Protein chains: 2
Amino acid sequence: MSASMAQDGLEHGGRLGAARRAFAGAPEPFIDLSTGINPRPWPVPPLDPDSWGRLPEPEAELALRVAAAAAYGAATPDMVAAAPGTQLLIQLLPRIFPQAGLAVLGPTYAEHAACWRAAGTAVAEVERFAALFDAPAALLCHPNNPDGRRVGLRALHALADAMAARGGLLVVDEAFADLEPELVSAATLLPHPALVVLRSFGKTYGLAGLRLGFALASAAGAAAIRGWLGPWAVAGPALAIGTAALADAPWRAGEAARLAAEAARLDALLEAAGLRVLGGTRLFRLAEGDAAGWHQRLGRAGILTRPFAQQPRWLRFGLPPDEAAWARLAAVLR
Amino acid sequence: MSASMAQDGLEHGGRLGAARRAFAGAPEPFIDLSTGINPRPWPVPPLDPDSWGRLPEPEAELALRVAAAAAYGAATPDMVAAAPGTQLLIQLLPRIFPQAGLAVLGPTYAEHAACWRAAGTAVAEVERFAALFDAPAALLCHPNNPDGRRVGLRALHALADAMAARGGLLVVDEAFADLEPELVSAATLLPHPALVVLRSFGKTYGLAGLRLGFALASAAGAAAIRGWLGPWAVAGPALAIGTAALADAPWRAGEAARLAAEAARLDALLEAAGLRVLGGTRLFRLAEGDAAGWHQRLGRAGILTRPFAQQPRWLRFGLPPDEAAWARLAAVLR
C-alpha cells in the first residue's frame with residue numbers, strides 16, 4: 001500500500017464544540033457568527049422517505065443538474081457536476097485536473113492551497129490579480145472570502161483565455177456569489193476549455209449539513225468530475241431539497257434584499273464599536289481592529305466569531321439569526 | 001485542463017424510473033427486488049434541524065467513527081474512514097492507493113473493476129481465489145455479490161500477507177457482511193499494512209439514499225483516505241443516524257434472524273418455480289434458470305429483478321418488503 005500523506009486539519013469556523021470548551025461558562029445558547037452560512041434556512045418541506053431509503057436514481061440526479069444549470073447560468077446540465085459539498089470538489093480538483101503549479105489570489109479560503117499542496121502541486125499565493133497570469137494555473141474566490149473582493153467579468157475572461165492558451169486551468173470559487181445580484185458569474189463564460197466554477201448550496205440556503213455543492217465547467221470537464229465522483233455521490237434528500245430550492249428564485253431574491261439590509265445593520269454596529277469594516281458579502285462581514293480582544297470578549301459572552309491566524313487584526317462576523325442574537329451582539333459591542 | 005476519461009455508466013439495480021418505462025402498464029406500486037437493500041429500514045428518529053443547517057463538527061465525525069469501529073470490529077476509530085457512500089470509496093481507492101495491476105475475484109460487483117480501469121490500472125478477473133496471489137493487488141467481495149461466496153479468514157490472512165510482502169493491496173468489500181453473523185470479518189485482521197475493508201451502511205439499515213459507507217484500514221491507510229475526502233464529506237443527518245444505528249446491536253441481531261427466515265422463504269418460492277438457488281446473502285438470493293423469461297414476466301407484473309448481461313441465466317432477487325409484495329411475487333412464480 002502506498003499513499004500520499006493525509007492532510008493536516010485547517011482552522012475553520014463553525015466549531016461550536018471547541019468554542020464551548022474555550023469559553024467555558026459563556027451564556028447559552030452560543031451564537032455562531034464564525035461562518036458565512038445563512039442563519040435562516042430555506043424552508044425544507046417534509047421529505048419522501050424513499051429519498052432516505054432508496055438509492056438515488058439517475059433521473060433525480062439529472063433533475064438536480066437541470067435546476068443548478070438554470071440557477072447558476074450554465075447553458076446545459078451537461079456542464080454541471082453535483083457533489084456532496086463543495087469541499088469534496090476542492091479536495092479532488094487537483095487530482096482530476098493536475099497542474100504544473102497554481103497561483104491563488106489571497107488571502108482567501110485556505111482549503112484551496114492546502115488541497116493543491118496535498119496533491120503535490122507547487123502553490124504561490126499572490127496579492128495582485130495580474131500576477132495570476134504568470135502561473136500555469138490560477139484560482140480565486142469570487143467574491144473573495146473573507147474580504148469580499150470582486151473582479152470584473154472581462155478580467156476573468158482574459159485570465160481564462162490565458163490559462164487556456166497554456167493548457168492550464170482557472171478555478172473560480174463562487175461560494176458566496178448567489179446572494180450578490182449585481183455580481184456577474186464566471187459561469188456566463190462557459191463553455192470555456194480552462195474554466196471551472198464552484199458554487200456552494202449550503203451557505204446560501206442555510207443547509208450546510210446537507211452537503212451539496214457544484215462544479216460548472218465545459219461538458220467534457222464536468223463529465224470528468226462526474227466520472228470521478230460516481231453515480232450516487234449526492235444523497236437522496238440533498239437531491240430532492242436541492243432541486244426544489246434551486247428553482248425558488250423568489251426566495252433567493254427575498255434573501256438577497258433581506259441580507260443586504262442585515263449586512264448594513266451589522267456594519268453600523270461594528271463601526272460604532274470602533275472596528276473598520278473592510279468588506280465582505282451579504283453572508284459575512286470582515287472587520288479590522290483589536291480582533292483578538294473582540295474575539296475574547298464576544299466569546300466570553302457566548303458569541304463565536306472567526307479570527308485569522310495570519311491576519312491578527314481581522315475578525316469575520318456572520319449575520320445574527322434573530323433579534324435576541326442581535327441584542328446580545330449589540331450589548332457586547334456597545 | 002487535462003482530465004482522465006469519464007466513466008461509462010454501468011448497469012445497476014434500483015432504477016425504478018427505467019423499469020416503469022420498460023414495463024409500461026405494469027401494476028403499481030412497483031416492487032423493487034433489484035437491489036440488496038434491506039426493505040425495512042432502521043427506524044430513524046426525528047432529526048435535530050442543526051444536522052441539516054450547520055456544518056458537521058469534528059466531534060460528530062469522530063463519534064461516528066467510534067461507533068463504526070465498535071460495530072465492525074476495528075480496534076480504534078483511527079482505523080476508520082467514513083464516506084458519503086461506499087461507492088465513492090470504490091471510485092477513489094485506485095487513486096489513493098495506485099497499484100501496478102489488480103486481480104478481482106469474479107464475477108462480482110462490476111464497479112470495482114470499472115473504477116480501477118478508469119484510473120488506468122490493468123484489471124484481471126479471476127475465478128479461483130488462489131489466482132489472486134499472483135497479482136500486484138487483489139480485490140474480492142465477501143460475501144460475494146451476487147453469489148454469496150465466502151472465504152475463510154485464514155485464507156484472507158494469507159492473501160493479505162502476500163500482498164504486503166510485495167507492497168501491494170488487498171481490498172475486501174464486505175458490503176453484505178453485517179447480517180451474516182457466522183461470517184468472520186476481514187476487519188479482525190487489522191491493523192494490517194496491505195488490507196482495506198469496505199463496509200456499507202445503507203444496505204443493512206435500509207437507508208441507501210442517506211449515502212454512508214466506511215473503509216477500515218491501518219491507521220495510516222485510514223488517515224490517507226480521510227485526507228482525500230476532507231473534513232465534511234459525510235452529511236450531518238448521516239453522521240447522526242449512522243452513529244445511533246451502528247450502536248443498535250439488538251436491532252441488527254433481530255434483522256439477521258428475521259432476514260434469515262425470509263431468505264429461506266424466498267428460496268423455497270424460487271425452487272418451487274423451477275429456479276435453482278445458487279446462493280446469496282440475507283439481503284438477496286441468486287437464482288439460475290430462464291432468467292430473461294422470469295425478468296420479463298415479473299416486470300410485466302410490476303416486480304423488478306436484477307438480470308446480469310454477462311450471466312444470462314442468472315437472476316437476483318431482493319427480499320419483498322411486506323406480505324402484499326410476497327403475495328404478488330408468489331402469484332407470478334406459481
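Me: How many residues of strand β13 of chain B are buried?
Reply: This is a predicted model, where local features need pLDDT of at least 70, side-chain atom pairs count only at pLDDT 80 or more, and totals for chains, interfaces and linings use all residues. Residues are numbered from 1 along each chain as written, chains are lettered from A and ligands numbered from 1 in the order written, and side-chain values use heavy atoms, without hydrogens and water. Strands are DSSP runs of E with at least two residues, helices runs of H or I with at least four, numbered from the N terminus. Buried means under 20% relative accessible area, exposed over 50%, partly exposed in between (1.4 Å probe, protein chains only); β13(B), residues 314-318, is mostly covered, and the buried count is five of five.

Me: Which residues of β13(B) are buried on each side?
Reply: In a regular strand, side chains alternate between the two faces of the sheet. Both faces of β13(B) are covered. One side has Trp314(B), Arg316(B) and Gly318(B); the other has Leu315(B) and Phe317(B).

Me: Which residue of β13(B) is the bridge partner of Glu288(B)?
Reply: Two strands pair if DSSP finds at least two bridges between them. Strand β10(B), residues 284-288, runs antiparallel to β13(B), with five bridges joining them. In β13(B), the partner of Glu288(B) is Trp314(B).

Me: How many residues lie between β12(B) and β13(B) in their hairpin?
Reply: β12(B), residues 306-307, pairs with β13(B) in the antiparallel sense over two bridges. Arg306(B) has Arg316(B) as its bridge partner. The hairpin formed by β12(B) and β13(B) has between them six residues.

Me: Which strands are at the edges of the chain B sheet?
Reply: The sheet is open, with four antiparallel strands in the order β9-β10-β13-β12 (chain B). Each edge strand pairs on one side only. These are β9 (276-281) and β12 of chain B.

Me: At what angle to β13(B) does helix α11(B) run?
Reply: Contact means heavy atoms within 4.5 Å. Axes are lines fitted to C-alpha atoms, for helices over the stretch in contact, and angles run from 0 to 180 degrees between N-to-C directions. Helix α11(B), residues 291-300, lies across β12 and β13 of chain B, at an angle to β13(B) of about 40°.

Me: Why is helix α4 of chain A largely enclosed by the rest of the structure?
Reply: Helix α4(A) spans residues 86-96. Among its buried residues are Gln87(A), Gln91(A) and Arg95(A).

Me: What area is buried between chain A and chain B?
Reply: Buried area is the accessible area (1.4 Å probe) that two parts lose on being put together, summed over both. The contact takes 65 residues from chain A and 65 residues from chain B. Carbon and sulfur atoms give 59% of the buried area, which is about 4,800 Å².

Me: Which residue of chain A meets Arg54(B) in a salt bridge?
Reply: A salt bridge is a side-chain nitrogen of Lys or Arg within 4 Å of a carboxyl oxygen of Asp or Glu. Between chain A and chain B the count is four. Arg54(B) forms one at 2.8 Å, N to O, with Asp32(A).

Me: Which residue of β13(A) stands opposite Ala287(A)?
Reply: Strands β10(A), residues 284-288, and β13(A), residues 314-318, pair in the antiparallel sense over five bridges. Opposite Ala287(A) stands Leu315(A).
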